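Hi,

Here is the structure I promised to pass on. Have a look at it first, and then read my notes below.

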Amino acid sequence: MNLTVTAAAVDWFRQEWGCVPGDSIRFFVRYGGVSTVQDSFSMGIAKEQPNEAGLSTVVDGIMFYMEKDELWYMNGQGLTVDYLPATDEVDFKLT
């Protein structure tokens, strides 16, 4: 299981959220919304430090992670986070 954050997504976090090296971005599970990953659940995003990161990657000094107790959402697969300029959305895909 791995977490991949594309260069386009990292650039978006820098521009839109002002992320700099040392910041942490959490991807978390929330009930409701539309998702290509799990029915009735979707991903949320928060700029906060981890409690118990279960999956993480550092890109250009920014830590992107999911908490250990939310890894069930991925069904044992990896997660790729991308930015889609055509729809101005952060996109999540199991890989």
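**What I found**

Let's start with Asp-88, which counts as exposed because its relative accessibility is 52%, and exposed here means over 50%. Keep in mind that this is a predicted model. Asp-88 sits in the loop between E6 and strand E7 (89-94). Its phi is near 55 degrees, a positive value in a residue that isn't glycine. Most residues other than glycine have a negative phi. Asn-75 is another case, with a positive phi near 50 degrees; you'll find Asn-75 in the loop between E5 and E6.

Asp-23 is in the loop between H1 and E2, and it counts as buried because its relative accessibility is 17%, with the cut-off for buried at under 20%. The side chain of Asp-23 has a polar atom 2.9 Å from the backbone nitrogen of Val-20. The side chain of Asp-23 also makes a polar contact of 3.4 Å with the side chain of Lys-47. If you ignore neighbours within four places in sequence, Asp-23 touches Gly-18, Lys-47, Gly-61, Ile-62 and Met-63.

Then there are the aromatics. A pair of rings is described by the distance of the centres and the angle of the planes. Counting rings with centres within 6.5 Å as paired, the model has 9 aromatic pairs. One of them is Trp-12 with Tyr-83, a stacked pair at 6.0 Å centre to centre and with 20 degrees between the planes. These two come from distant parts of the chain: Trp-12 belongs to helix H1 (residues 7-17) and Tyr-83 to strand E6 (residues 79-84), 71 residues apart. Are they buried or exposed? Trp-12 and Tyr-83 are both buried.

Finally, which residues make up the aromatic cluster? Both pairs belong to it: Trp-12, Phe-13, Trp-17, Phe-27, Phe-64, Tyr-83 and Phe-92 form one cluster.

Cheers

Notes
Residues numbered from 1 in each chain as written. Predicted model: local features only at pLDDT ≥ 70, side-chain atom pairs only at ≥ 80, totals over all residues. Heavy atoms only, no water. Phe/Tyr/Trp six-rings, centres within 6.5 Å; stacked < 30°, edge-to-face > 60°. Helix = DSSP H or I, 4+ residues; strand = E, 2+ residues; numbered from the N terminus. Buried < 20%, exposed > 50% of the residue type's maximum accessible area, 1.4 Å probe, protein only. Polar contact = N/O pair within 3.5 Å; in protein donor to acceptor, adjacent residues only side chain to side chain. Contact = heavy atoms within 4.5 Å.
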